[in-house]
Amino acid sequence: MTFDDFVELPGLGRVTVTEERRPGGVVAYRVSAAGLFGTVLFKPDVLDQQLVPDRIIVQLGDGEHLLATHLTNLLVVRGITLVGGGDAIDLDTTSWPLRLRLAPLKAADRATAGGAAAVRRAVALCQVIAARYRRLDRLALMRAAARHTAGARLKRWVHQQILVPHQMNCGTSDELAAAYPIAEALQQWSPLPLLPTPPACACAGALPCVSPDTYVTANDEGDWLTCPSCDQKTVMVTPGASLAGLLGDHAAYTCSRELL
């Protein structure tokens, strides 16, 4: 969805603004005027530990690359190319422009009066665009970002926050109890389904969305499927054994620990 409009900016006059709403809650603003052109992105600031983001990222230039020099359509003000932006920004606070970190791309422009003026005009432009952005359904944009990133975040969250404590026995029950609800909520939004835990395996703290049959240990006898809760070796992995048979035998094991 795109549409054009105009805003008035001190020192630059009438600025054409083209708003484009993109997947994942990203809103791109392409601007053009005499002595001004480029793109400013307003993006939800998505964090793995936060189900729905509530802050945004302001970015000069278009694209997803971490290096500003690899972004396209960087903002140019009176011949000076600018880079930067800011993250974890709450547009409902009056001080949010202070979180912007904008600078001329060329080192030679950074200590000049023209460079300082370009930065001031860019900040003013971001403030004008932010006033337009605040009129959008921001909650819908944040939820779109949450859904768009749910699959990747779910994989990272499960493997980094849940399976690792099980395998290394270094997580406390309180930490795991706090981690499970986020994984379960992400599972509801993610198009990537995770294997259900076999009901016969009553492993302590087993997450309904994560299968314990992924845990493998080894000793002098060979490789074993192992319960991630009590570390009991259940089934030896032997050459020629079918995967379905191994998983079926493992699912039949009942963990000796009680459910939390």
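User: Leaving aside neighbours within four places in sequence, which residues is Gly38 in contact with?
Analyst: The model is predicted. In it, Gly38 touches Tyr29, Arg30, Val31, Asn73, Leu74 and Leu75, once neighbours within four places are set aside. Contact here means heavy atoms within 4.5 Å.

User: Why is Gly38 called buried?
Analyst: Buried means under 20% relative accessible area. Gly38 has 3% relative accessibility, so Gly38 counts as buried. This glycine sits in strand E4, residues 36-44.

User: How far apart are Gly38 and Asn73 in sequence and in space?
Analyst: In sequence, 35 residues separate them. In space, the distance is 5.0 Å, C-alpha to C-alpha. Asn73 is also one of the contacts of Gly38.

User: What makes E7 and E8 a strand pair?
Analyst: Pairing requires at least two bridges between two strands. Strand E7 (residues 80-89) and E8 have 4 bridges, in the antiparallel sense. One example: Gly84 has Leu102 in E8 as its bridge partner.

User: Which face of strand E8 is covered, and which is uncovered?
Analyst: Leu102 and Pro104 make up the covered face. Arg101 and Ala103 make up the uncovered one. The strand spans residues 101-104.

User: What makes E9 and E10 partners?
Analyst: The threshold is again at least two bridges. E9 and strand E10 (residues 222-226) are joined by 4 bridges and run antiparallel. They therefore count as a pair. Val216 stands opposite Leu225 in E10.

User: What is the strand order in the open sheet that includes E9?
Analyst: The order is E9-E10-E11, with antiparallel pairing.

User: Why are strands E9 and E11 said to stand at the edges?
Analyst: Strand E9 (216-219) and strand E11 (233-237) each have a single partner strand, so one side of each lacks a neighbour in the sheet. Neighbouring strands in this sheet are turned by 40° against each other on average, direction ignored.

User: How do strands of a sheet pair?
Analyst: They pair through backbone hydrogen bonds, in a parallel or antiparallel manner.

User: What does the secondary structure of the protein chain come to?
Analyst: The protein chain has 4 helices and 11 strands.

User: What share of the residues is buried?
Analyst: Of the 260 residues in the protein chain, 43% are buried.

User: Among contacts between residues at least 6 apart in sequence, how many join residues at least 24 apart?
Analyst: In the protein chain, 46% of those contacts do.

Definitions and conventions: Residues numbered from 1 in each chain as written. Predicted model: local features only at pLDDT ≥ 70, side-chain atom pairs only at ≥ 80, totals over all residues. Heavy atoms only, no water. Helix = DSSP H or I, 4+ residues; strand = E, 2+ residues; numbered from the N terminus. Buried < 20%, exposed > 50% of the residue type's maximum accessible area, 1.4 Å probe, protein only. Axes fitted to C-alpha atoms, helices over the stretch in contact; angles between N-to-C directions.
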